[in-house]
Amino acid sequence: MNLKIAVLPGDGIGPEIIKQGVDVIDAIAEKFGHKIEYQEAICGAHAIDLVGDPFPDDTFNICKWADAVLFAAVGDPRFDNDPRAKVRPEQGLLAMRKKLGLFANVRPVQTFECLLHKSPLKDEIIKNADFICIRELTGGMYFGEKYQDDEKAYDTNSYTRPEVERILRVAYQYAIKRKHHVTVVDKANVLASSRLWRQVAKEIEKEYPDVITDYMFVDNASMRMIVEPTFFDVIVTENTFGDILTDEGSCISGSMGLLPSASTGEGTPVFEPVHGSWPQAAGKNIANPLAQILSVAMLFEYFGLKDEGLLIRKAVDASLDANVRTPEIQVEGGEFYGTREVGEWIVDYINKA
Ligand code: IPM
Ligand code: MN
């Protein structure tokens, strides 16, 4: 297959982890005979520094040219501490999602047998947890009308029926390939937007009689995820709730550095880790590249290249089993493996497979 891939390293640890992702793509392409064409593009704080825009038109054009975007992370503390900053790195990511029409963000949460003890939760609770969160990505408070002055500020959480319908359908499509169970997470006891979600979901659920649908308030869902994560199969929820719940989900896997995601919809799909730019770790070769590498697996799988995805997953499992792990998940006393070393080990495994 010929694939054109836009590579967007962004900020912080972004350039380090994306390098490992690209090396994995190259190794897979070599093994399976695919031809990959890359274009690199700037975004986030890095792009603000260079051209004053976190998602410049040149970058947008490269994304449109590509069949897939491999994205790392954006964010920089210089902007976090300035409530009056007019332009922020995160706007680059949001603009990319919006302009490419990527309304469906798929975030799988799974456990790795050998990492169960790295989770703050008890082994017996998280064992066999395996669910996906379908996060609506281009609506809600992130994109609703906003206002801010020194005395008052608001963000509007607005959704339209078509926006809700299409994301629910994505969730059901996943559910029929999985365990036939959808949990619609909302706050319908308080929010009007959630009541629309629930109303639409009650209609759509009838079209999928083989799927069990249940409804859960987000506060309850966040608790259930911790006390009984195996309850879930497919969670579908609005933008903000999905953002929060998936960070919580990383506690089940054992590290924020393990969660990949795929953002899909109308335009070029984007494959990106769930985690952020971790600026404190930038340049230190300690960030976990697995979320990025597993995003690469999702990229191949998106194009129907199952064996390619599977080999990447096997390589990741093998690296974890061999304790080739970045410091936050390492078994104590092991040899040091940094971002680069973990990536190289995985590439090596793929080459030898
Ligand atoms: C994520 C991130 C982003 C979000 C930020 C960086 C804007 O936290 O992808 O989950 O809130 O969507
Ligand atoms: Mn987030």
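How many bridges join strand 8 to strand 9, and in which direction do the two run?

A: This is a predicted model, in which local features need pLDDT of at least 70 and side-chain atom pairs count only at pLDDT 80 or more, while totals for chains, interfaces and linings use all residues. Residues are numbered from 1 along each chain as its sequence is written, and chains are lettered from A and ligands numbered from 1 in the order in which they are written.

Strand 8 is joined to strand 9 (residues 212-217) by six bridges, and the two strands run parallel. Helices (H or I, at least four residues) and strands (E, at least two) are DSSP runs, numbered from the N terminus; two strands pair if DSSP finds at least two bridges between them. Val182 has Thr213 of strand 9 as its bridge partner, and Thr183 stands opposite Asp214 of strand 9.

Strand 8 covers residues 181-186, and because five of its six residues are buried, the strand is largely enclosed by the rest of the structure. A residue is buried if 20 or more other C-beta atoms lie within 10 Å of its own, exposed if 12 or fewer, and partly exposed in between, with C-beta atoms placed from the backbone.

An open sheet of mixed pairing is formed by 10 strands in the order 2-1-3-12-11-4-5-10-8-9. Strand 2 and strand 9 stand at its edges with a single partner strand each, so one side of each is left without a neighbour in the sheet. On average, neighbouring strands of this sheet are turned by 25 degrees against each other, direction ignored. In a regular strand the side chains alternate between the two faces of the sheet.

Two helices lie across strand 8. Helix 7 (161-177) lies across strand 4 (104-110), strand 5 (130-136), strand 8 and strand 10 (234-237), and runs at about 165 degrees to strand 5. Helix 8 (residues 192-204) lies across strand 8 and strand 9, at about 155 degrees to strand 8. For such values, axes are lines fitted to C-alpha atoms, for helices over the stretch in contact, and angles run from 0 to 180 degrees between N-to-C directions. Two residues are in contact if their C-beta atoms, placed from the backbone, lie within 7 Å.

His180 is placed in the loop between helix 7 and strand 8. Although His180 is not a glycine, its phi is positive, at about 55 degrees. His180 has 15 other C-beta atoms within 10 Å and is therefore partly exposed. A further positive phi, of about 60 degrees, belongs to Asn323, which is not a glycine either. Asn323 lies in the loop between helix 12 (306-321) and helix 13, and its 14 C-beta neighbours inside 10 Å are why it counts as partly exposed.

At the other edge of the sheet, strand 2 spans residues 35-40 and includes Lys35. Lys35 is exposed, because 9 other C-beta atoms lie within 10 Å. Its C-alpha atom is separated by 4.7 Å from that of Asn2, 33 residues apart along the chain. Leaving aside neighbours within four places in sequence, Lys35 is in contact with Asn2 and Ala29.
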